[in-house]
There are 2 protein chains.
Amino acid sequence: MNIYDIARLADVSIATVSRVVNDSPKVSQQTKDKVLRIMADNDYTPNAFARGLGLGSMNTVGIICPDVADIYMAKAVSYLEKNLQGYGYDCILYCSGYAEEGKRQAVECILKKQIDALVMVGSDYGYDAPKQNGWLCSVAARLPVFLINGWLEGDNIYSVLADDQQAVYDVTEELLFAGRKEILFLSNSHSYSAMRKLEGYGNALKAHGIPIDQDRVLYPENAVYAVRDLLLRKRGLHFDSVIAATDELAVGALKYLRARGLRVPDEVSVIGCNNSELSICCEPELTTIDNRVEVLCKTTIDSIMTLLGGDTVKQKQTIKCHLVRRATTDF
Amino acid sequence: MNIYDIARLADVSIATVSRVVNDSPKVSQQTKDKVLRIMADNDYTPNAFARGLGLGSMNTVGIICPDVADIYMAKAVSYLEKNLQGYGYDCILYCSGYAEEGKRQAVECILKKQIDALVMVGSDYGYDAPKQNGWLCSVAARLPVFLINGWLEGDNIYSVLADDQQAVYDVTEELLFAGRKEILFLSNSHSYSAMRKLEGYGNALKAHGIPIDQDRVLYPENAVYAVRDLLLRKRGLHFDSVIAATDELAVGALKYLRARGLRVPDEVSVIGCNNSELSICCEPELTTIDNRVEVLCKTTIDSIMTLLGGDTVKQKQTIKCHLVRRATTDF
């Protein structure tokens, strides 16, 4: 019988159990009575961890992202920083890189800093295979972990996700309805979000009876010239539209199409993801899936405050994406 | 007689004096002897601050920038983070916003976190008027402060600067030699760096006997559409070239020129600053002044390590910029 079991039986968060243990004034008497009764019924003795949770709050949230030079992550970190300050919370940022070892190290370092909650920014922290992230579950045993656009099942882990799969499904279908059948899919990673996007693409093709051509699924480096050059090398590859998992990749495709003298969107349609500043810098300006990073961040902050305030939070919240139609598509 | 006086008399950094006070093994016996002799000669008794400096190092560097969503700052923060880790230093990031009050608050918060040095990223922390930043001098009395592309004179404050003034002077002169006489200057702030760029522009015009036309110095918001729309509203304004203090502003000018049907660079040349990803996304691709943010960061890290290691560091180091010639100019 541990703090999670008590929380589950009482239908409250572990933070609430901790607050009850510490006799916090933030918890209602009714909730206190319920939790204390369940603790007594189950002979539960709070350990140091449970006692510590409510104590020594530094009003600090730890933020980890792979690389803050990434436009999408920078936007998220900036939003989190500014808005958590509004709640009186400081932020500590660590950049972990994309490698497993760096991620573990970043978490280890940030846990030394007396934080109240940990936010992991970006899909690189959630996977389908839980074994890859077992270590993150052990972190969640110490403090609540929030994943922004990542997903991992586990106690005290909370995800806010953009519905990337549905968004890519919908736009793939729009392309098919517009008569485009040879859709190139560009991705740059096997992150949770990237895999959902690929699924959306594959499922829409399947629903329309079109087999996936593996030659039309490419993984270039996430850099404009890298995409252009890769496509220039693949001269035999034909496609009438592009769905790219990031705006960088989509702009790279535009550079290729310009180099080849192909007209956008008449001959080839292009769709990016993220609705970043890049999508309005290029010509023609890019149609892009806005996965609403600010809404993801706002929802995460709301969840943090709710949880730290002693209430329960849904472990998985999904936000609908929004297609921003600009000049690289004609539907 | 304080720790600065001792440091000055001994020709070492205050960190070295602190290390001597704390009998750190990192300081050579020769330096130790010299510092101790000067302390004895001057009846100097180290106070708690001097004793504390060398103690309780958390191997942590504090980083403050106005907004990490800014591409330039994100690049700097990312570089600092990654490379300080290589020296065994963790980083704590605070975003201060651009307002005075936010800056002071950020510094106050970060000083609570037991950091060994403070890095301020971006020109918004250095000014010509020292009175505006007197508070930063009092921070520098507690730990070394490093300004990246900002300048402030004071004990224990160290600046690494891009030579923005020279770079803009040179490119203005190139435009004049190429026969362009009506040069629009776009800026977005009155930061240290922005003022140096404006100076470079003004000085080059003056050197060629051309008076500055204040109508051709504009301060739009640092956003692509904002620049385009401002220029569209100023229909009477004529110019044959644009120098912009950021790539965002320059891309905004390109959007305006496209909307007006003006050919780039035949009718109007455009030059940006920062060599950001935006400069290769737009069409035509942007000629831009690379102020080499990674070199600025690398030099700053070298300075931090030298200083914390007990050696002296120059208070002002200047890095030459580099003009990246692309398709928006024809010289």
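Start with helix H10 of chain A, residues 224-233, where the buried residues are A:Val224, A:Val227, A:Leu230 and A:Leu231. Buried here means under 20% relative accessible area, with exposed over 50% and partly exposed in between (1.4 Å probe, protein chains only). Look down the axis of H10(A): the buried residues fall within an arc of 140 degrees, so they line one face of the helix. The arc is that of the directions from the helix axis to the C-beta atoms. Helices (H or I, at least four residues) and strands (E, at least two) are DSSP runs, numbered from the N terminus.

This is a predicted model, in which local features need pLDDT of at least 70 and side-chain atom pairs count only at pLDDT 80 or more, while totals for chains, interfaces and linings use all residues. Residues are numbered from 1 along each chain as its sequence is written, chains are lettered from A and ligands numbered from 1 in the order in which they are written, and side-chain values use heavy atoms, with hydrogens and water left out.

Next, show what covers the buried residues of H10(A). The cover includes strand E6 (183-186), strand E7 (217-218) and helix H11 (247-260) of chain A, together with helix H12 (278-281) of chain B.

Now select the sheet of chain A. Six strands form an open sheet in the order E7-E6-E8-E9-E10-E12, with mixed pairing. Its edge strands are E7 and strand E12 (322-324) of chain A, each of which pairs on one side only. Two strands pair if DSSP finds at least two bridges between them. Within this sheet, E6(A) and strand E8 (residues 241-244) of chain A are parallel and share 4 bridges. To find one of them, pick A:Ile183, whose bridge partner in E8(A) is A:Ser241.

Zoom out to the whole of chain A. It has 13 helices and 12 strands, and its C-alpha atoms fill a box of roughly 75 × 35 × 30 Å along the principal axes. Of its 331 residues, 58% count as buried. Among contacts (heavy atoms within 4.5 Å) between residues of chain A at least 6 apart in sequence, 73% join residues at least 24 apart.

Move to chain B and select its sheet. Strand E6 (residues 183-186) of chain B runs parallel to E7(B), joined by 2 bridges; B:Phe185 has B:Val217 as its bridge partner in E7(B).

Then pick B:Ser241 in strand E8 (residues 241-244) of chain B. B:Ser241 counts as buried because its relative accessibility is 0%. Leaving aside neighbours within four places in sequence, B:Ser241 is in contact with B:Leu175, B:Arg180, B:Glu182, B:Ile183, B:Leu184, B:Val268 and B:Ser269.

The last stop is B:Asp67, in the loop between strand E1 (60-65) and helix H5 (71-85) of chain B. B:Asp67 is buried, with a relative accessible area of 13%. Again leaving aside neighbours within four places in sequence, its contacts are A:Ser78, A:Lys82, B:Met73 and B:Tyr98. B:Asp67 and B:Tyr98 are 31 residues apart in sequence, and their C-alpha atoms are 7.9 Å apart in space.
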